[in-house]
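Welcome! Take a look at it before reading on.

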Amino acid sequence: MENEKTINTENTAVENTLPQPRRSIAFIGSECYPFVKTGGLGDVMYALPKALAELNCDVKVIIPRYHCIPWEFQEKMVYRGSFDMDLCADGTHYYVGIMEYVHDGVVYDFIDNDEFFTNGSPYVNLVDDIPKYCYFCKAALAALNYMDWIPDVIHCHDWQASLVPVFLRTQFADTALRDAKTVLTIHNLRFQGVYNIPTLRYWTNLPEYIFNKDVFKTGYDDANMLKAGLTYADIITTVSNTYADEIETPFYGENLDAHLRYHSGKLRGIVNGIDVAQWDPSKDTKIAEPYSITEVLDKKKANKRALQEELGLEVDEGKFVIGLISRLTDQKGLDLVNQILPSLIDGNTQVVVLGTGDVRYEDSFRWFENDFRGSVCSCIMYDEGRAHRIYAGADALLVPSLFEPCGLTQLIAMRYGTIPVVRETGGLKDTVEPYNMFTQTGNGFTFDRYEAGLLYDAVNRAKTLYFTDRWHWDEMVQRDMAKDVSWEASAWQYRAMYLELRP
Ligand code: ADP
């Protein structure tokens, strides 16, 4: 009895230290680490709910149950229920199953349907993906109703979940969910889910008046799922302040800039963080020699040698090793890298590329590897472990993106004491302060216009510091490791936004 009393007092004490009031949030999106991840969205869907749970938010994450989710998670899922849901204009019904998994204070609900989610990877092509995500958006809302879990805020991510606010305010307007507020976060404006109107009309059965130019319609006869979501969401966020400004301009606006300018009153930027437990150089079991901020200068050399050995590069800790970890697409500024790569190889520099994507970049990097054997290594693959070892073993990391909503690789690089070399755009501009040789401040090297010559110049500035003023280089390495790149500050901002919507 006595014991029970003590335990109860302790629990109340813990609750009292949490920020009040408690709010419930449903996260809806198409991917979530560690179940399925193709890029930054997967990281955010994992790390932000976890950070919010620590700030007294009751978070439920809803994602599709793809067949590619590893068995170790599939086998732990618990069946929560199932029902039939009408979806299409001709009245076709579909099965919706709910499988649940609880981890780190966050509840994950997987929408189960074999007809839509049997592919090996989440995204296939628009012909398959458009129906799949129409179904998913409606099924996610129907599942909330089915479980009788009515959140204060429904937070949707990217075009795959963008029809949620639209369904909510139309087909679900008379259900218990109607009081929930909605937030739509843009992780990458390039992808919008555009398809012809008859197909979307069929797969959504949304009312005729939605298919006008202010909501769904784009061009002459297409419908744009993201555009519709942006219209109906209560707040639109994107993943950095600079990107929030940029997307209202024609260059970055991907044909939605006018629409976003119209809705700019509800548009804001909140920068991403990284999960500092997942990315922790002092406890990282995937790297050769884990290290803390006080050990980095020695241990980085050991990690560099291990990386050079693993990749068949000339083993020499004196070389300047440049890493590039990225999807190989036009967005990532790889045409600039291709233009300058031969000039970078000067006998003292090595380049390591890890990525998959467009064939022309995969081929050009393979070609460079062949041309500069021992100095360039191109790993055309997706490999988490190798990514960790490159972050740990490289001296600098290139992120010369054409546009970058936030970018996580520069944040991870800083956490591992690897100096980022970035273009001043989007989140790269907001998170990497340029090095100032007079005040000895800054975290990396930056350039502004999208030109190969400027990237070359930025890399050379980095190299000059590395080879001629190692003391100050090492200071920057430690400054970067000490920088707060965690989710905490941003999670507070999200929490404040939820409270604004639901005081
Ligand atoms: P995006 O979401 O545009 O792809 P981000 O910088 O936001 O770019 O996120 C990229 C994430 O994916 C990082 O965690 C990065 O380490 C990881 N990543 C990218 N390419 C690979 C790869 N080939 N192998 C392993 N991890 C990768």
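## Terms and ground rules

Two strands are said to pair if DSSP finds at least two bridges between them. Helices (H or I, at least four residues) and strands (E, at least two) are DSSP runs, numbered from the N terminus.

This is a predicted model, in which local features need pLDDT of at least 70, side-chain atom pairs count only at pLDDT 80 or more, and totals for chains, interfaces and linings use all residues. Residues are numbered from 1 along each chain as its sequence is written, and side-chain values use heavy atoms, with hydrogens and water left out.

## Two hairpins

Let's start with strands S3 (residues 78-86) and S4 (residues 93-103), which run antiparallel and are joined by 8 bridges. Val78 has Glu100 in S4 as its bridge partner. The two strands form a hairpin with 6 residues between them, and Gly91 in its turn has a positive phi of about 90 degrees.

S4 is also joined to strand S5 (residues 106-112), again antiparallel, by 7 bridges. Here His103 is partnered by Val106 in S5. The hairpin of S4 and S5 has 2 residues between the strands, and Asp104 takes a positive phi near 55 degrees.

## A parallel sheet and its helices

Further along, 6 strands make an open sheet with parallel pairing, in the order S15-S14-S13-S16-S17-S18. Strands S15 (376-379) and S18 (445-447) stand at the edges with a single partner strand each, so one side of each has no neighbour in the sheet. Neighbouring strands are turned by 15 degrees against each other on average, direction ignored; axes are lines fitted to C-alpha atoms, for helices over the stretch in contact, and angles run from 0 to 180 degrees between N-to-C directions.

Helix H12 (residues 359-371) packs on this sheet and touches S13, S14 and S15, its direction making about 145 degrees with that of S15. Contact means heavy atoms within 4.5 Å. Helix H17 (residues 470-482) lies across S13, S17 and S18, at about 85 degrees to S17.

## Around the ligand

Which residues are closest to the ligand? Of the 20 that surround it, the closest are Gly40, Arg327, Lys332, Tyr391 and Leu408, where near means a heavy atom within 4 Å.

Among the polar contacts (in general, pairs of N or O atoms within 3.5 Å), a backbone atom of Gly40 is 2.6 Å from a ligand oxygen, and a backbone atom of Met381 is 2.9 Å from a ligand nitrogen. Helix H13 (384-393) gives the most to the shell, with 3 residues.

Definitions and conventions: A polar contact is a pair of N or O atoms within 3.5 Å; within protein, one must be able to donate a hydrogen and the other to accept it, and residues adjacent in sequence count only if both atoms are side-chain atoms.
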